[in-house]
Amino acid sequence: MGLALTRVITTSEMAGSVGPFTVVILSFVSGVFLAPNLLPQWLLNFSTYLPLEPIVSGMQHAIALPGGSDSSCDRLSCWASGAWSVS
């Protein structure tokens, strides 16, 4: 997909405007903003080939606890502090 976009995007100004747009679209398709069970089946099948999907599913499984205990808040704060230190 990236190679196909390089044929259309010829300047750095165009890349600056198209890049964030593609990231948001890929985020929606990968299930970052929506629960995966809300997406149609064909879109779920397509999203398994996207590079963001393994990251999203790993984060969802790491943070979500089936019992809903108080340790989910501890996990969330741990992930947030880790992300803050990396950035």
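Leaving aside neighbours within four places in sequence, Ser47 is in contact with Val29, Ser30 and Glu53, where contact means heavy atoms within 4.5 Å. Ser47 lies in helix H3; helices (H or I, at least four residues) and strands (E, at least two) are DSSP runs, numbered from the N terminus. Ser47 counts as buried because its relative accessibility is 3%. Buried means under 20% relative accessible area, exposed over 50%, and partly exposed in between (1.4 Å probe, protein chains only).

This is a predicted model, in which local features need pLDDT of at least 70 and side-chain atom pairs count only at pLDDT 80 or more, while totals for chains, interfaces and linings use all residues. Residues are numbered from 1 along each chain as its sequence is written, and side-chain values use heavy atoms, with hydrogens and water left out.

The chain has five helices and zero strands, in the order α-α-α-α-α from the N terminus on. Of its 87 residues, 11% count as buried. Its accessible surface comes to about 6,700 Å², of which 71% belongs to carbon and sulfur atoms; accessible areas come from the Shrake-Rupley method with a 1.4 Å probe, and for residues only the protein chains shown count as cover. Among contacts with a separation of 6 or more, 26% are between residues 24 or more positions apart.

| Residue | Contacts |
|---|---|
| Ser27 | Val32, Phe33 and Leu52 |
| Leu39 | Phe28, Val29, Leu34 and Leu44 |

Ser27 is found in helix H2 and counts as buried because its relative accessibility is 9%. Leu39 is placed in the loop between H2 and H3. With 11% relative accessibility, Leu39 also counts as buried.

Val32, one of the contacts of Ser27, is in the loop between helix H2 (12-30) and helix H3 (41-47). Val32 counts as partly exposed because its relative accessibility is 40%. Val32 also belongs to a nonpolar surface patch with Val24, Phe28, Phe33, Leu34 and Leu38, and together these residues have about 550 Å² of accessible area. Patches are made of residues with over 30% relative accessible area and no salt bridge, with like charges joined within 9 Å and nonpolar side chains (Val, Leu, Ile, Met, Phe, Trp, Tyr) within 5 Å. A salt bridge is a side-chain nitrogen of Lys or Arg within 4 Å of a carboxyl oxygen of Asp or Glu.
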